[in-house]
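Colleague: Could you take a close look at the fold of this model for me? I want the strand pairing and the helix packing, step by step.

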Amino acid sequence: MAAEAIGCDILILGGDVIDGSGAMRRRADVAITGDRIAAIGELSGYRGAREIDAKDRVVSPGFIDTHTHDDRLLVSDRSMAAKVSQGVTTVVAGNCGISLAPLSPSSRPVPPLDLLGGEEWFRYPTFGAYVAGLGRQPPATNAAVMVGHMTLRARHMDRFDRAASALEIDAMRADVREALGSGAIGFSTGLGYRPSIDAPTDEVVALAAAAAEGGGLYATHMRSEADDIDGAMEEAFAVGRRAGLPIIISHHKVAGRRNFGRSRATLDRIAAASTQQRVGLDAYPYVAGSTVLLPSDVVERDGRIMVAWSVPHPEVSGRDLDAIAREWGVSPRTAIERLQPAGGIFFIMDEADVRRILSYPDTMIGSDGLPHDSHPHPRLWGAFARVLGHYARDVGLFTLEEAVRRMTSLPAKTFGFADRGVLRRGAFADLVVFDPATVKDSATFDNPKVPAAGIDAVMVNGAVVWRDGANTGATPGQVLRRVAA
Ligand SMILES: [Zn+2]
């Protein structure tokens, strides 16, 4: 018998296959040869050089983290532990207008570009140089990268409180073309941030149109996610229509107590727009957001703020701003000024809105994790496991098959990743084996750097990158191009 067995590199035996399409799970074995899935089915005639027992486990496509700020992590810690430990096999970076390339500043970049680090990390004069670096020293996950509007503004403008001139727009358009030609999948904005807030819609359209020429898409952290969200959404749709490309609304939320409940209206508007143009959206499964902490935040606040990091005061990371201010005998605003540069975690959302947005059929999962924060938001290590365990299994927001679809085939289709996000013969072998009974986010707001529970094995392009709670050291990730449909 053994002599007649069909050989393969890895054989995953006896698992419940959830193929990513939304279809019900079915018992099947999975054979992997090289970087592809060789067969799925009853494979007792196969023999694997390595065999993985998946009894009582789910085997699904690896998850696609559609919203990350991993641009620098892909270079500085190629194990990508925060991601592969949750079953993530592909990350989309360059979101919110923030990309590591093309920029090589002589001093610390303006917030929030510094979420990626100080000037020493911005060392790519072209986008092509960044992509080539990822190819030479690949990370554990696949990566798809976008070029950021704010990065281009920092590269070409002497000040941010104005529209870009015609010359500056030409220079930025040339950079967008270079990025798309080098493998970027699109262009992103962070219009709610100070360095971009004075950029008019026409400037954004001019740059998005250059991305459209290269077959790219447009992802936007909108100008407002609070009181002015309606106008911000109309702007996002208009950019998509005028520039002629698909848009993605990043980390969709409605922030601030007086906006609680508005996700009913925003989702209705997204559904209506989707009948006219291509609209995608992503969300993370928490009621708190996280970004840079600025003195202006104290004016707008109506919720708890935790300090995620501070350059002059690293010792207060993980503590509440109010407690720090009390201890220092100063106002919260003065405390924020003393903490600069700094990052925060902001409790600004309503649980009902979070659940409504997660339940919308086109919502993809994006962690929005900030990997260089000393006390990061738990979404960095927990977002995907939290959707599978907490929201699908425990709360029952949707089936496990549906949860997996939102993390796999939906983003692969939205972003144009060919042969990813599904388990079928011939597809790339990006897989996760997990225990549906125990999968759970272990990262919390108080203790955020903890790997998820219940993830047995993770494979990227046919190589095992995570097994039994640890990285294997393999770095088989590829830079993914977008195949525009
Ligand atoms: Zn953002």
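Modeller: Here is the walk-through, from domains to sheets to helices.

This is a predicted model, in which local features need pLDDT of at least 70 and side-chain atom pairs count only at pLDDT 80 or more, while totals for chains, interfaces and linings use all residues. Residues are numbered from 1 along each chain as its sequence is written.

Start with the domains. Domain 1 covers 2-60 + 461-469, domain 2 covers 62-287 + 349-416, and domain 3 covers 288-348. These bounds come from an automatic or database domain assignment. The centres of domain 1 and domain 2, taken over C-alpha atoms, lie 33 Å apart. Their contact draws 10 residues from domain 1 and 10 residues from domain 2 (contact: C-beta atoms, placed from the backbone, within 7 Å). On the domain 1 side, five of these residues are nonpolar, four polar and one charged. Here nonpolar is Ala, Val, Leu, Ile, Met, Phe, Trp, Tyr, Cys and Pro, charged is Asp, Glu, Lys and Arg, and polar is the others, Gly among them.

Now the eight-stranded sheet. It is open, its pairing is parallel, and its strands come in the order β6-β7-β8-β9-β10-β11-β12-β16. Strands (E, at least two residues) and helices (H or I, at least four) are DSSP runs, numbered from the N terminus. Pairing needs at least two DSSP bridges between two strands. The edges are β6 (63-65) and β16 (363-365). Each has a single partner strand, so one side of each is left without a neighbour in the sheet. On average, neighbouring strands of this sheet are turned by 30 degrees against each other, direction ignored. β11 (residues 247-249) runs parallel to β12 (residues 279-283), and three bridges join them. I249 has L281 in β12 as its bridge partner. A helix also packs on this sheet: α15 (residues 400-407) touches β6 and β16. The direction of α15 makes about 80 degrees with that of β16. For such angles, axes are lines fitted to C-alpha atoms, for helices over the stretch in contact, and the range is 0 to 180 degrees between N-to-C directions.

An open sheet of three strands has the order β13-β15-β14, with antiparallel pairing. β13 (288-292) and β14 (305-310) are its edge strands, and each pairs on one side only. From one strand to the next, the twist averages 20 degrees. β13 and β15 (residues 342-347) are antiparallel, with five bridges between them.

L13 faces D53 in β4. D16 stands opposite V58 in β5.

β18 (residues 455-460) and β19 (residues 463-467) run antiparallel, joined by four bridges. M459 pairs with V464 in β19. Two residues sit between these strands, and N461 in this hairpin takes a positive phi near 50 degrees. β19 then runs antiparallel to β20 (residues 470-471), with two bridges joining them. R467 has A470 in β20 as its bridge partner. Two residues again separate the strands, and D468 takes a positive phi near 55 degrees.

Finally, the helix pairs. α9 (residues 263-274) packs against α13 (residues 351-359) at about 20 degrees, with axes 10 Å apart. S263, R264 and L267 of α9 meet D353, R356 and I357 of α13. By class, that contact has two nonpolar, one polar and three charged residues. α3 (residues 127-136) and α5 (residues 166-182) also pack at about 20 degrees, with 8 Å between their axes. F127, G128 and V131 of α3 make this contact with E178, A179 and S182 of α5. Three residues of the α3 and α5 contact are nonpolar, two polar and one charged.

Key:
Contact = placed C-beta atoms within 7 Å.
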